[in-house]
Amino acid sequence: MTCAPQPATFRLLDAYVGWDELDVRDIVGFADPDGIRLAFTGDPDGPSRSQLLPWFPDRRLAPGCQSCAWYLIAGTKLLHRDACGWTRVPVRLHEPYSVAARGHRLAVVESNRVMVWRRQGEQLAGVIHLRDARWAALAPGDKVLVARQGSTDLWRFSSDGRPLGVIPTGATGEIIGLRTGPGKTIWLLTEDDGRLRIYRSGPFGTSTLDELTKELPSSTLVSADDDGFCLKENGADGPVKNCYTWEGEPQDASPDPVQYVREGEFVTAMIDSGISRCRWHRVRLTADVPSGTAVQARIVVSEDNQFDETDWQTAPAGSTDFLVDQPPGRFLMLSLRLTGDGTATPVVRRVRLDFPRVTSADLLPPAFREDPAADDFTERFLSLFDASLAEIDRVVERYPALLDPAGVPDRVVPWLAGLLGLSFESGWDAEIRRKLVAEAPELYRRRGTPWALQRAIEIVFGRTPVINELATDRRWAHTGGSGPGLGSVRLFGRSSTRLRIGRSVLGGAPLKAFGDPEKDPLSEHAHRFSVSLPAGSAAEKALRRLVDRQAPAHTVGSVRVGQLGFVIGSKSTVGVDTAFVPLPPPVLGRVRLNRDGVLRPGPRGPRRGVSVGVVSAVGVHTESF
């Protein structure tokens with residue numbers, strides 16, 4: 001489609017080819033494929049403390065087991081935030097320094113001890129006595145890691161306070177952050193003379209921000225200062241920024257913290273075209289320019305490496321694609337000036353220099369090019385159309401790549417989903433949306449089946465649901481599968497499915513106060529199913545919306561998200577509510593003392609509930625509900 005007689009040669013400036021830097025001021029990233037950017041304040045090579053907040057929060061904050069759950073040390077109080085807001089955790093603190101959480105476990109570090117709770121602060125698991133304790137992290141296997149002031153080693157304990165040894169890390173500086181990640185990995189953040197370093201276990205060594213973001217999920221913390229902190233939470237119309245004081249009180253949103261220097265400049269060396277009196281054609285910048293930032297480009301062309309300051313050509317403000325308006329010359333020098341407001345930085349990934357000048361004017365008869373001034377105007381005028389046609393060619397060439405959900409940018413995924421008739425919720429991240437688009441053909445092909453519903457839930461919530469088709473639970477004789485078979489009970493035995501006076505055996509049929517007994521064979525559990533997920537996997541309303549969209553129209557589905565544990569006598573599902581936790585504390589008026597109360601110790605001390613491997617007596621350590 002392009003009308004140019006032959007393709008022009010070009011020279012690239014990027015991390016792969018090289019930037020040919022001659023003079024650099026407050027710009028970094030020349031070896032980074034993502035591009036060059038403004039330097040961080042303090043440590044130019046970064047990362048900054050503000051960037052690390054989502055993974056290493058302020059010592060007074062700790063993310064909980066869900067995206068909206070947080071723990072906050074407010075003076076001598078410990079607050080817990082969930083979807084309902086901030087509530088106080090019923091624990092007693094004296095001089096708390098830092099807090100850590102993992103699942104339903106919770107740890108608070110004081111000056112010379114670490115207190116560990118289970119069930120989100122309802123049960124004290126143990127107290128760890130360690131002088132100068134500052135940081136704690138809860139590791140898998142009911143283990144606790146503790147860092148002391150003035151040391152970069154880690155002390156291992158069990159949750160009940162038994163020491164398990166010391167882990168030398170070899171890190172330098174002072175520990176200001178401690179986290180545990182998947183696969184029993186340990187992450188450290190240290191500060192040494194204002195320079196921040198990230199360390200990762202296995203064995204311990206320095207790591208990068210990119211490795212941290214890939215292996216450790218980030219939290220919703222976006223900023224923190226002396227006045228308070230801000231969280232990025234889901235609102236009715238999408239993510240919103242909510243800010244709070246260090247007492248948990250709402251406050252107006254604070255401006256984003258300053259992370260970058262406000263100005264930087266980069267000048268290349270003389271770039272040799274290898275052509276005497278070369279007519280340089282075009283300069284193109286591939287850059288991301290967020291709001292509040294700018295990129296200013298300047299060029300100068302010379303035949304013999306000599307030029308004056310007045311010879312520079314400055315590109316129009318905000319332009320990332322412009323023609324070279326310079327006399328012919330063999331060499332070209334480029335200057336890039338990056339500016340920002342301190343909260344964001346422009347990123348220049350690549351610069352392309354096209355030479356020599358090749359346009360569709362070369363296809364015109366010589367009569368149109370006799371006048372040098374008119375010829376120059378014609379070339380520049382036709383370059384506008386050549387550039388547009390080249391962009392169309394590029395779009396046509398890249399169109400097949402737009403149909404690959406794994407390779408398109410995040411902003412294109414909703415457009416791609418629209419071609420397939422998919423709709424997304426605001427809380428779904430880009431990875432979930434890509435998986436749904438990629439598996440849409442198979443999900444559509446098998447839509448209405450238990451497999452399709454189960455797979456959709458796995459993609460969105462990351463857990464395998466339990467799907468029960470309730471029709472198999474009907475007390476009617478049927479062939480195949482489990483349940484009563486023909487010959488064992490009467491076909492459509494109404495007296496065994498609903499208590500009927502004068503017909504049903506006492507205790508042999510359930511008592512129901514709804515429905516028509518004559519229609520039980522057709523309506524009892526017909527076209528009904530239930531979906532169950534373990535505790536903490538999803539919000540029940542979000543699961544309900546997904547099930548309603550994926551279930552067949554003639555069916556009725558019920559959803560259930562498991563609780564912390566199963567209780568004998570209540571409806572529970574193995575694999576959903578199977579969390580072995582102690583019973584709640586007894587309250588006068590609800591339980592009988594000397595049965596499940598803490599006022600009566602057993603032969604081995606106080607015990608609450610049935611314990612695996614410990615002798616327990618029915619009626620003594622159990623309670624009927």
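Biologist: What kind of model is it, and what pLDDT do local features need?
Modeller: It is a predicted model: local features need pLDDT of at least 70 and side-chain atom pairs count only at pLDDT 80 or more, while totals for chains, interfaces and linings use all residues. Residues are numbered from 1 along each chain as its sequence is written, and side-chain values use heavy atoms, with hydrogens and water left out.

Biologist: And what does pLDDT average over the chain?
Modeller: The average is 80, and 78% of the residues score at least 70. Over residues 595-603 pLDDT stays under 50, and the model has 18 contacts there beyond four places in sequence. A contact means heavy atoms within 4.5 Å. Where pLDDT is low, the predicted coordinates should not be read in detail.

Biologist: Got it. How many helices and strands are there?
Modeller: The protein chain has 10 helices and 35 strands. It holds 625 residues, of which 40% count as buried. Buried means under 20% relative accessible area, exposed means over 50%, and partly exposed is in between (1.4 Å probe, protein chains only).

Biologist: Which residues touch the most other members in the largest nonpolar core?
Modeller: Trp280, Leu336 and Val351 do, in a core of 32 residues. A nonpolar core is a set of buried Ala, Val, Leu, Ile, Met, Phe, Trp, Tyr and Cys residues joined through side-chain atoms within 4.5 Å. Two or more residues come from each of strands S3 (27-28), S27 (282-288), S28 (294-302), S31 (331-339) and S32 (347-355).

Biologist: What does Leu336 touch?
Modeller: Leaving out residues up to four places away in sequence, its contacts include Ile27, Phe266, Leu285, Val295 and Val351. There is also a second, separate core of 24 residues, with Ile175, Ile176, Leu189 and Ile198 among them. In soluble globular proteins, nonpolar side chains tend to be buried together.

Biologist: New topic: how many salt bridges are there?
Modeller: The count comes to 28, taking a salt bridge as a side-chain nitrogen of Lys or Arg within 4 Å of a carboxyl oxygen of Asp or Glu. In one of them, the side chains of Arg350 and Asp14 meet at 2.8 Å, N to O. Arg350 lies in strand S32 and Asp14 in the loop between strands S1 (9-13) and S2 (21-25), so the pair ties together parts that are 336 residues apart in sequence.

Biologist: Is Asp14 buried or exposed?
Modeller: Asp14 is buried, with a relative accessible area of 2%, whereas Arg350 is partly exposed at 34%.

Biologist: Which residues are linked in a network of salt bridges?
Modeller: Arg25, Glu263, Glu265, Arg298, Glu309 and Arg337 are. Within it, Arg298 pairs with Glu309, their closest N and O atoms being 3.5 Å apart. Arg298 is in strand S28 and Glu309 in the loop between S28 and strand S29 (313-314), so this pair ties together parts that are 11 residues apart in sequence. Arg298 is partly exposed at 22% relative accessibility, and Glu309 is exposed at 55%.

Biologist: Where are the cis peptide bonds you have on your list?
Modeller: One runs from Gly202 to Pro203, with omega near -20°. Pro203 is in the loop between strands S19 (195-200) and S20 (205-207). Another runs from Phe355 to Pro356, with omega near -15°, and Pro356 lies in the loop between S32 and helix H3 (372-398).

Biologist: Last one: what is the phi of Asp132?
Modeller: Phi is positive, about 60°, although Asp132 is not a glycine. Asp132 lies in the loop between strands S12 (123-129) and S13 (133-139). It is partly exposed, with a relative accessible area of 28%. Beyond its neighbours within four places in sequence, Asp132 is in contact with Ser111, Asn112, Ala147, Arg148 and Gln149. Arg277 also has a positive phi, near 50°, and this residue sits in the loop between strand S26 (271-272) and S27.

Conventions. Helix = DSSP H or I, 4+ residues; strand = E, 2+ residues; numbered from the N terminus. pLDDT = per-residue confidence, 0-100.
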